[in-house]
Amino acid sequence: MQRVVGLLAAVLSLLAEQCWADGGGPSLAERVIWAVNAGGEAHVDVHGIHFRKDPLEGKLGKASDYGVRLPILRSSPEDQILYQTERYNEDTFGYDVPIREEGDYILVMKYAEVYFAQSQQKVFDVRLNGHVVVKDLDIFDRVGHSTAHDEIVPFSIRRGKLSVQGEVSTFNGKLTVEFVKGYYDNPKVCALYVMKGTLEDVPKLQPHPGLEKPEEEDGEEEEDSEGGEEGGKIKVTPGSKNRVQSGPRTPNPYAADNSSLMFPILVAFGVFIPTLFCLCRL
């Protein structure tokens, strides 16, 4: 009986390890350790992430729901509220995130420009425990007006050290995310969260049609040849097909040159005249 129980335990252990290897670990929502809907109320998104109500309400900065009158591109209808509300401040401000475990983490910050209609109107930096992780963020310049944009910053915490973008500093258990006042208007954020994992684990926004580069058509095209004995086809590359000629084809200057035929005649004539002159004197 004990052998059977031991065998079952071993099988269950192997199955559990296999499920974990196949992606049976914690869900995305379970890996999120902290999430806030800046300037707004609590919200649960389509991935199950629970964004808490803004803890800075009534303490620092100003909340704005100006964006609720606008549809936000690239965002699902259920989660547009995460980009329609925001918190801004006339000076640098931020949030403190407690982190107790070591490992690899991702900071995701959500933005949408719902007020300005051109670039260079709102530009600011983002710091992580003093490290500048986003420089000169101009939301409108990145994606345009009323369009969702996520800034994603991976970092790691090991042996009391914070590592981010090649820089290392001492970590005391608190992650400070700061939005730094710049020369153009006020810094802001719409929502943000911190999760354990890697870049591949972060949900992606919908594609932005205006930012996608058209695929260049490569390869060769065939055209019917206008001349030639075989009357077949010739291959034309896109570059040569669109090439503009500078003028008509220049004729071969040697095509009608008959000097090669006249040379023997001139030699014979040059020999015949002296010979005839000598015969006449005899």
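Which side chain does Lys188 meet in a salt bridge? Its partner is Glu86, with 2.6 Å from N to O. Keep in mind that this is a predicted model, where local features need pLDDT of at least 70, side-chain atom pairs count only at pLDDT 80 or more, and totals for chains, interfaces and linings use all residues. Residues are numbered from 1 along each chain as its sequence is written, and side-chain values use heavy atoms, with hydrogens and water left out.

**The sheet**

- Let's start with the strands, which are DSSP runs of E with at least two residues, while helices are runs of H or I with at least four, and both are numbered from the N terminus.
- Eight strands make an open sheet with mixed pairing, in the order S2-S3-S1-S15-S7-S10-S11-S12.
- Strand S2 (43-44) and strand S12 (167-170) are the edges, and each has a single partner strand, so one side of each has no neighbour in the sheet.
- Two strands pair if DSSP finds at least two bridges between them.
- S7 (residues 103-111) and S10 (residues 149-158) run antiparallel to each other, paired over 9 bridges.
- In that pairing, Tyr111 sits opposite His149 in S10.

**Salt bridges**

- Side chains of opposite charge can pair when their charged atoms come close.
- The rule here asks for a side-chain nitrogen of Lys or Arg within 4 Å of a carboxyl oxygen of Asp or Glu, and the whole structure has 14 such salt bridges.
- Lys188 and Glu86 are both buried (buried is under 20% relative accessible area, exposed is over 50%, and partly exposed is in between, using a 1.4 Å probe and protein chains only).
- Glu90 and Lys62 make another salt bridge, at 3.8 Å from N to O, with Glu90 in the loop between strand S5 (86-88) and strand S6 (93-98) and Lys62 in strand S4 (residues 62-64), 28 residues apart.
- Here Glu90 is exposed, at 55% relative accessible area, and Lys62 is partly exposed, at 46%.
- Glu178 and Arg127 meet at 3.2 Å from N to O, linking strand S13 (residues 174-184) to strand S8 (residues 123-128) across 51 residues.
- Both count as partly exposed: Glu178 has 22% relative accessibility and Arg127 has 25%.
- Asp54, Glu57 and Arg87 are joined in a network of salt bridges.

- Where is Asp79 found? Look in the loop between S4 and helix H3 (81-84).
- Asp79 is buried but has no salt bridge, and the nearest side chain of opposite charge, Lys110, is 6.9 Å away (Lys and Arg count as positive and Asp and Glu as negative, while His and the chain ends are not counted).
- Setting aside neighbours within four places in sequence, Asp79 is in contact with His43, Val44, Asp45 and Val46 (contact means heavy atoms within 4.5 Å).

**Nonpolar cores**

- In soluble globular proteins, nonpolar side chains tend to be buried together.
- A nonpolar core is a set of buried Ala, Val, Leu, Ile, Met, Phe, Trp, Tyr and Cys residues joined through side-chain atoms within 4.5 Å.
- The largest core has 32 residues, and those with the most contacts inside it are Tyr95, Met109, Phe155, Leu175, Phe179 and Leu192.
- S7 gives the most to this core, with 4 residues.
- Another core lies apart from it and has 17 residues, including Ile72, Ala112, Ala191 and Val202.

**Aromatic rings**

- Rings of Phe, Tyr and Trp (its six-membered ring) pair if their centres lie within 6.5 Å; planes under 30 degrees apart are stacked, over 60 edge-to-face, and the rest tilted.
- That rule gives 8 aromatic pairs.
- Phe51 and Tyr193 are edge-to-face, at 5.9 Å centre to centre and 80° between the planes.
- This pair connects strand S3 (residues 50-53) with strand S15 (residues 191-196), 142 residues apart, and both Phe51 and Tyr193 are buried.
- Tyr66 and Tyr115 are edge-to-face too, with 5.7 Å centre to centre and 70° between the planes.
- Tyr66 is partly exposed, at 32% relative accessible area, whereas Tyr115 is exposed, at 56%.
- Trp34, Phe93, Tyr95 and Phe179 form one aromatic cluster.
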